[in-house]
Amino acid sequence: RAIQTALRLPRLRFRMLKAAPKGRQRNMMPSRRQRQRWERSEFEGRAVWLCHPASGETNRVYVHEHGGGYIYGLQTIHYMALQELCDYAQMSVILPDYPLPPDAHAPEMIGWADRHFASVVDCHGLENVALGGCSAGGNLTLAILQTRAARGEPNPETVILWSPWLDLTEAETPPTKAEDYDALITPFGLEPAGGAYLGHTGMDRADPIISPLFADLSKLPTLNIVTGQKDVLYPAIAEFADKARVAGKLGEYVAEPDYGHYWMFYPVRDRHPTLRQIADMLG
């Protein structure tokens, strides 16, 4: 509770309201210490970061699509938590810097992420590749899975969704102050973030590729979900988990009662056993 209160005090969660109209935000590079572990390459002109376990290189890889509401790029917390996960799982982590508005919108972003993931599969073999993402990255993960399924291509066996953003139609309904309780994001920022993601594409927010809450899960692999019950996105996540359970597609489901959005990246001790749980999901 103290951490969540501290996060609310500087009003960082309101930056999304100001950031969305301004377009893409600058990505953060790994810190000097982190750069000892993270290697940079490129795919179609975008940075891709790779971290191997401290014990050495491995052919097993986990591709993680970062969050940030389709507005923010990579942040220090992403490198920090995923480096820890890398060592727990003894699995290399690939962190792609997918394009953001205003340079790209939903079709281009999904297309880039889909092609990048295909390149990883070609390099390592599908049996050695897992996929996941946090928040908007969880949304993008499900877009990749649906795109591959629509082409009749096999999907990875292991998928992990961290506090996924699943329903962009909710952003069209004005939130109330009573719903503005999350420490890290505000529901008032969801509409401008969703608007920046869609741009002028004319895509329907209820399209399952945009709002995977409405997707047909029968053709998707088993989905593992890690979330917090105080997350402003939790109602949609819980509904999605129920839908996945009915479809026989729900794997591990961790819903921490005392935390909100993105809590797995909080600087708290509780995140370490949760990252170990995620490492176990990765096998």
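These legends accompany several close-up views of one predicted model. Local features are described at pLDDT of at least 70 and side-chain atom pairs at pLDDT 80 or more, while totals for chains, interfaces and linings use all residues. Numbering starts from 1 along each chain as its sequence is written, and side-chain values use heavy atoms, with hydrogens and water left out.

**View 1. The open sheet has eight strands.** Here the order is β1-β2-β4-β3-β5-β6-β7-β8, with mixed pairing. Strands (E, at least two residues) and helices (H or I, at least four) are DSSP runs numbered from the N terminus, and two strands pair if DSSP finds at least two bridges between them. At the edges stand β1 (38-43) and β8 (250-256), each with a single partner strand, so one side of each has no neighbour in the sheet. From one strand to the next, the twist averages 20 degrees.

**View 2. Parallel strands β3 and β5 are joined by five bridges.** Look for Val63, which stands opposite Leu131 in β5. Packed on the sheet, α5 touches β3, β5, β6 and β7, and its direction makes about 140 degrees with that of β5. Contact here means heavy atoms within 4.5 Å; axes are lines fitted to C-alpha atoms, for helices over the stretch in contact, with angles from 0 to 180 degrees between N-to-C directions.

**View 3. The largest nonpolar core holds 53 residues.** Such a core is a set of buried Ala, Val, Leu, Ile, Met, Phe, Trp, Tyr and Cys residues joined through side-chain atoms within 4.5 Å. Tyr70, Leu142, Trp165, Tyr197 and Phe240 touch the most other members. The elements that each supply at least two residues include β3 (61-65), α4 (106-124) and α7 (234-246), and α4 gives the largest share, eight residues. Beyond its neighbours within four places in sequence, Phe240 contacts Leu142, Leu161, Leu166, Pro212, Leu213, Leu217, Leu223 and Ile225.

View 4. Glu44 is partly exposed at 46% relative accessible area, whereas Tyr70 is buried at 0%. Buried means under 20%, exposed over 50% and partly exposed in between, with a 1.4 Å probe and protein chains only.

**View 5. A cis peptide bond links Pro101 to Pro102.** Its omega is near 5 degrees. Pro102 sits in the loop between β4 (92-96) and α4.
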